Amino acid sequence: MIARISIQREDFDAAAEVAALSQDRAGIGAVATFTGLVRGDDGLTAMTLEHYPGMTEREIAAHVKEAEARWPILGATIVHRVGTLKPGARIVLVAVASSHRAAAFAACEFLMDYLKTRAPFWKLEQRGEDADWVAARASDDTAAERWR
Amino acid sequence: MKLLYFAWARQKLGKGEEEFELPSEVETARDLALHLAARGGGYADVFADLNRLRVAINQEHANWNARVAADDEIAFFPPVTGG
């Protein structure tokens, strides 16, 4: 299976990523994608994402392998941005290719739940002069728990 | 060994990494956290409540009872919030 994992400062083009994932691969009948954006609520002016280089890529690769063991997926692309982003900016892309939609949807959701609860990223929210680290949410842990 | 700090742990200490000579009495990640807390200042603050902190050993999530060795890379950070 082909997996592309990229941690980058630059923006991404979801359509181009999906095209690259499915190009020249006749067995692919479905690509499920999730794009996460910076939500600009409560006066948020910027969000800064920090990560643990090395461990982040390892964690994501391990979860892609786990997704591969659970569902008949044919490819996966995960792009996660770091650095300072403005409201509305794209943060994360998860795209999963399979023969049929059920596996693609399920593996996409699985990877997103694990990205939120296991991959070492941290968000700092800025509202004008104030900056606060985002606290982990119990609802994200609950979402990841259901795959156990 | 190499110690790494992320997010508010890094901010409170004013540094993201440091080299550390592992004392012989430090056996687990919890021992290490308590040893560092005893330095006081920002360290006391960062390691005040281990329920708020997570640890990784050699780039893998670990628990506070895990053994640490002299050539390990140990990272301390708050619960993750990516995605």
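**A friendly note on chains A and B**

1. Let us begin with chain B, where an open sheet of five strands has the order 2-1-5-3-4, with mixed pairing. Strands here are DSSP runs of E of at least two residues, helices are runs of H or I of at least four, and both are numbered from the N terminus; two strands pair if DSSP finds at least two bridges between them. The edges are strand 2 (17-19) and strand 4 (60-62) of chain B, each pairing on one side only. From one strand to the next, the twist averages 25 degrees.

2. A word on the model and its labels. This is a predicted model, in which local features need pLDDT of at least 70 and side-chain atom pairs count only at pLDDT 80 or more, while totals for chains, interfaces and linings use all residues. Residues are numbered from 1 along each chain as its sequence is written, and chains are lettered from A and ligands numbered from 1 in the order in which they are written.

3. Staying in chain B, strand 3 and strand 4 run antiparallel and are joined by three bridges. Ala56(B) stands opposite His61(B) in strand 4 of chain B.

4. Leu50(B) sits in the loop between helix 3 (41-46) and strand 3 (54-57) of chain B. Apart from neighbours within four places in sequence, Leu50(B) is in contact with Arg30(B), Ala33(B) and Trp64(B); contact means C-beta atoms, placed from the backbone, within 7 Å.

5. Now to chain A and the largest nonpolar core, which has 54 residues, with Val96(A) and Leu111(A) having the most contacts inside it. The largest share of this core, nine residues, comes from helix 3 (residues 101-117) of chain A. Such a core is a set of buried Ala, Val, Leu, Ile, Met, Phe, Trp, Tyr and Cys residues joined through C-beta atoms within 7 Å.

6. Strand 6 (residues 90-98) of chain A is largely enclosed by the rest of the structure, because eight of its nine residues are buried. Strand 6 of chain A pairs with strand 2 (residues 30-37) of chain A in the antiparallel sense over eight bridges, and Thr35(A) stands opposite Leu93(A). Strand 4 (residues 73-81) of chain A also runs antiparallel to strand 6, joined to it by seven bridges; here Thr77(A) stands opposite Ala95(A).

7. Strand 7 (residues 121-127) of chain A is joined to strand 3 (residues 46-51) of chain A by six bridges, and the two run antiparallel. Leu49(A) stands opposite Lys123(A) in strand 7 of chain A. Strand 7 of chain A also pairs with strand 8 (residues 130-133) of chain A in the antiparallel sense, over four bridges. Strands 7 and 8 of chain A form a hairpin with two residues between them, and Gly128(A) in the turn has a positive phi of about 60 degrees.

Notes: A residue is buried if 20 or more other C-beta atoms lie within 10 Å of its own, exposed if 12 or fewer, and partly exposed in between; C-beta atoms are placed from the backbone. Two residues are in contact if their C-beta atoms, placed from the backbone, lie within 7 Å. Axes are lines fitted to C-alpha atoms, for helices over the stretch in contact, and angles run from 0 to 180 degrees between N-to-C directions.
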